[in-house]
Amino acid sequence: MPDVALFVTCVVDQLVPEVGVSTVRLLEAAGCRVEFPAAQTCCGQPASNAGEPEAAALLARHLVEVFEPYEVVVAPSGSCVAMVHHWYERLLSGRDADRARALAAKTHELASYLADGLGTIDVGATIDATVTVHDACHGLRSLGVRDAPRRLLAAAGATLVELPESETCCGFGGTFALEHGEIAAPLADDKLRHAATTGARWLVSGDTACLLHLEGRRRRTGIGPEPVHFAQLLASGLPAGAR
Amino acid sequence: MSHGVVTPGDSIRERAANAIDDPVLQQAMRNLDVRLPTARIVADHLPGLKDRAAALRRETLADLPGWLDRAEAALTALGVHVHRAETPEDARRIILAIASEEHLTRAVKSKSMATEEIDLVDALEGAGIEAVETDLGEYIVQVAGERPSHMIVPAIHKTLEQIADVLETRADGPLPADSEGLTAWARDHLRARFLAADLGVTGANFVAADTGTIVLVTNEGNGDLCTIIPRVQIAVVPVEKVIARFADLATLLPLLTMSATGQRISNYVTMINGPRREGEIDGPEVLHVVLLDHGRTRLVGTAYEDMLACIRCGACLNVCPVFRRISGHAYDAVYSGPMGKVLTPLLSLAGTEGRDLPEASTLCGACTEACPVEIPLADLLVRLRADLRRPGAVDPLPSPSRPAVSSRGSRSRSPAARLPGEGFDSRVWRLPLASRPAPWTRRRVAFTVWARIWARPDGYRVSTRAARIASLALGRRWTRWSLPGIRAWTETRDGPLPAGHSFRSRWDKRERGAQRW
């Protein structure tokens, strides 16, 4: 029974805690013992992407320290995990960079940890719905997460319809969503329109920030299926007894 | 700049908004969709080719001055006059001097980004030399008084109807809005210009350092005509176009054409080995090569060196979600799309151009994935965002010593198992970020204060609780408020509502033994 430290991410912690709760339920359904290191805060990606690497390094150093004692770290976000994998060793130097590499080696995105790390494709959930999957960029391109969420959802009985241009960015892009709302919004519209053509009940993805951007736009336009994190959807199909 | 763009504006934000509000432009940009799969074809079917090409480009960059000297020697041996131009002004001066010395009056020009970079057509016209673009797309934008919006498809921002309207201004009667009819008209029309020209201006896709061969890749054969008919030819060649060996073309040519247009080879490949010799029936009598530096060699050895590996295929533009929406003119620069966002500020010798371009990226990484020569474009954008805020940052950081070109561990993995941009040991990853201090701007203060608070668990807890209380007190109302600070989000999207309880407070509840948490 592996011990897993949950890296919940600040966006999930503050805005959609249900995704965190769902992550815990899925990991436990897969036989893990979950711990939550309460000292964790944010991975620092907003600062890094904004061109403020010193500020990002402050948060990176803190996260490295918080998760150092644990064997396995899992987060319900491809983007935050990609930050640890790709940028930490570049933001930090010397011994800190070595510690960052050690953290990256044991830090996993949730879907790929379940499907590839544990080999648990069937978590015991049942989903009776048609879904379409948007491949969030950092999970896809920095971590290679593509099949894992689809396999997990299919094993739960969900009907998968491929999203046209599933690998095209939704337009969120972190600080970009604030600096360039004029481009971010039409890109969200493209994604939502593509999702609408699939006839799916849910637009599923693995990064909460992208989903909030899509949901915020959908509230304005009324177009497209409801965006949902795959962990939340999958955990909703777990038997009620499973905590 | 800002001349000849269909989407004007003072910032990329303004120009992008204009582009998105232009329904005809949006309709025209859909023509780009057919090019979307080119990068995927290369990645899926020619992974080995991509690997070899990336290595060949780095080989040249590892000793760019040396390969340039060898190329110059080989060109000179063939009877080519070689000039070195440090700046666009130098290049224009050299070319106008040649034109004046040779009494040239009519120029035909094949497609070349380098000549855009030095504003050559304007310079020639200013000197009283008629200069006609002969690539059909370039000709269309020239007649329209615009600049190209895509390095491979210069008039991609125009619909067929708009193109017919533009060309009609040069025709005797109405033209049909179909591509065959328009092409046939342009072919006839341009033929007369070719025959009358005494100067052919070209760029070069590659120059082989061993043989001195100048290589032009075109689909319309206009490159051939520009080099066969006029008495004098001038090729403007950016320094990074030099390749070590003629034989490298076996790798680089198909990679370029596959990435650019999905063709295994372009319709025409023109290879020029010096001016016309005794007994030859065509080719220029006089051939000049202007090697253009324009801030390039100063990038060698810096974190931005990889950018010089670029072969101008346009694959990163075609896959870029931002480019596909805002089109090339929104960048208000010679080079647009992801590579333009990186290259424009780097080439700006005054340090003033394109400074807001790196911000206009979602950092989705599609460009890095598409690049056939493994340039980590998204990483370079992140780095530029940091470096452009630092004094003198446009002179990129010099590296203390040049490490030998080594491979990252991941290189030993098969191409298919690698992540995008992982194939090459890029300098952007070897040089530390932020080795130069940034000035204390408001933005930097804000990020630093935030990071200092959030690097402490209690700081995070207190600040997020305060934000939650404020937001919950306001309810859903604020999610559409247009206030400074949140307007950037709420103008186009509803703001996200924080949950009633954070994850950590629910976890605490569970720790206290609650069944439902």
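# Reading strands, helices and chains

Trainee: Which residue of strand 7 of chain A is the bridge partner of A:Val131?

Mentor: A:Trp202 is the bridge partner of A:Val131 in strand 7 of chain A. Please keep in mind that this is a predicted model. In general, the strands of a sheet pair through backbone hydrogen bonds, and the pairing can be parallel or antiparallel.

Trainee: In which sense do strand 5 and strand 7 of chain A pair, and over how many bridges?

Mentor: Strand 5 (residues 130-133) and strand 7 (residues 202-205) of chain A pair in the parallel sense, over 3 bridges. You can follow the pairing along the strands: A:Thr132 stands opposite A:Leu203 in strand 7 of chain A.

Trainee: Which residue stands opposite A:Val131 in strand 6 of chain A?

Mentor: In strand 6 of chain A, A:Leu160 stands opposite A:Val131. Strand 5 and strand 6 of chain A run parallel and are joined by 2 bridges.

Trainee: In what order do the strands of this sheet in chain A lie?

Mentor: Read across the sheet, the order is 6-5-7-8. These 4 strands of chain A form an open sheet with parallel pairing. Its edge strands are strand 6 (159-160) and strand 8 (226-229) of chain A, each of which pairs on one side only.

Trainee: What order and what pairing does the open sheet of 4 strands in chain B have?

Mentor: In chain B the order is 8-5-6-9, and the pairing is mixed. The edges are strand 8 (242-243) and strand 9 (268-272) of chain B, and each pairs on one side only. Start from strand 5 (residues 206-208) of chain B, which pairs with strand 8 of chain B in the parallel sense over 2 bridges. Within that pair, B:Ala208 stands opposite B:Ile243 of strand 8 of chain B.

Trainee: Which helix of chain B lies across strand 5, strand 6, strand 8 and strand 9?

Mentor: Helix 13 (residues 249-261) of chain B lies across strand 5, strand 6 (214-218), strand 8 and strand 9 of chain B. Helix 13 of chain B runs at about 25 degrees to strand 6 of chain B.

Trainee: Now for helices on helices. At what angle do the axes of helix 5 and helix 6 of chain A cross?

Mentor: The general idea is that two packed helices are described by the angle between their axes and the distance between the axes. Here, the axes of helix 5 (residues 78-91) and helix 6 (residues 94-106) of chain A cross at roughly 170 degrees and come within 8 Å. An angle over 145 degrees counts as roughly antiparallel, and helix 5 and helix 6 of chain A are therefore roughly antiparallel to each other.

Trainee: Which residues in helix 5 and helix 6 of chain A meet?

Mentor: From helix 5 of chain A come A:Val84, A:His85, A:Tyr88 and A:Glu89. They meet A:Ala97, A:Ala100, A:Arg101, A:Leu103 and A:Ala104 in helix 6 of chain A. By class, the residues of this contact are 6 nonpolar, 1 polar and 2 charged.

Trainee: Let me step back to whole chains. How many helices and strands does chain A have?

Mentor: Chain A has 13 helices and 8 strands. Its C-alpha atoms fill a box of roughly 50 × 45 × 25 Å along the principal axes. For 243 residues, a compact globule would have a radius of gyration near 18 Å, and the 17 Å of chain A agrees with that. Of the 243 residues of chain A, 66% count as buried. As for contacts in chain A between residues at least 6 apart in sequence, 78% join residues at least 24 apart.

Trainee: And what does the secondary structure of chain B come to?

Mentor: Chain B has 23 helices and 10 strands. The globule rule gives 24 Å for 517 residues, and the radius of gyration of chain B is 26 Å, close to that value, so chain B is as compact as a globular protein of that length. The C-alpha trace of chain B spans about 95 × 60 × 45 Å along its principal axes. Of the 517 residues of chain B, 51% count as buried.

Trainee: Is B:Arg461 buried or partly exposed?

Mentor: B:Arg461 is partly exposed, with 16 other C-beta atoms within 10 Å; a buried residue would need 20 or more. B:Arg461 lies in helix 21 (residues 457-474) of chain B.

Trainee: Last one: how many residues of chain A are in contact with chain B?

Mentor: 58 residues of chain A are in contact with 53 residues of chain B. Helix 11 (residues 181-198) of chain A gives the most to the chain A side, with 7 residues. That side has 29 nonpolar, 19 polar and 10 charged residues.

Technical notes: Residues are numbered from 1 along each chain as its sequence is written. Chains are lettered from A and ligands numbered from 1 in the order in which they are written. This is a predicted model: local features need pLDDT of at least 70, side-chain atom pairs count only at pLDDT 80 or more; totals for chains, interfaces and linings use all residues. Axes are lines fitted to C-alpha atoms, for helices over the stretch in contact, and angles run from 0 to 180 degrees between N-to-C directions. Angles under 35 degrees count as roughly parallel, over 145 as roughly antiparallel, 65 to 115 as roughly perpendicular and the rest as oblique. Two residues are in contact if their C-beta atoms, placed from the backbone, lie within 7 Å. Ala, Val, Leu, Ile, Met, Phe, Trp, Tyr, Cys and Pro count as nonpolar, Asp, Glu, Lys and Arg as charged, and the others, Gly among them, as polar. The radius of gyration is taken over C-alpha atoms; the globule rule is 2.2 Å times the number of residues to the power 0.38. A residue is buried if 20 or more other C-beta atoms lie within 10 Å of its own, exposed if 12 or fewer, and partly exposed in between; C-beta atoms are placed from the backbone. Two strands pair if DSSP finds at least two bridges between them.
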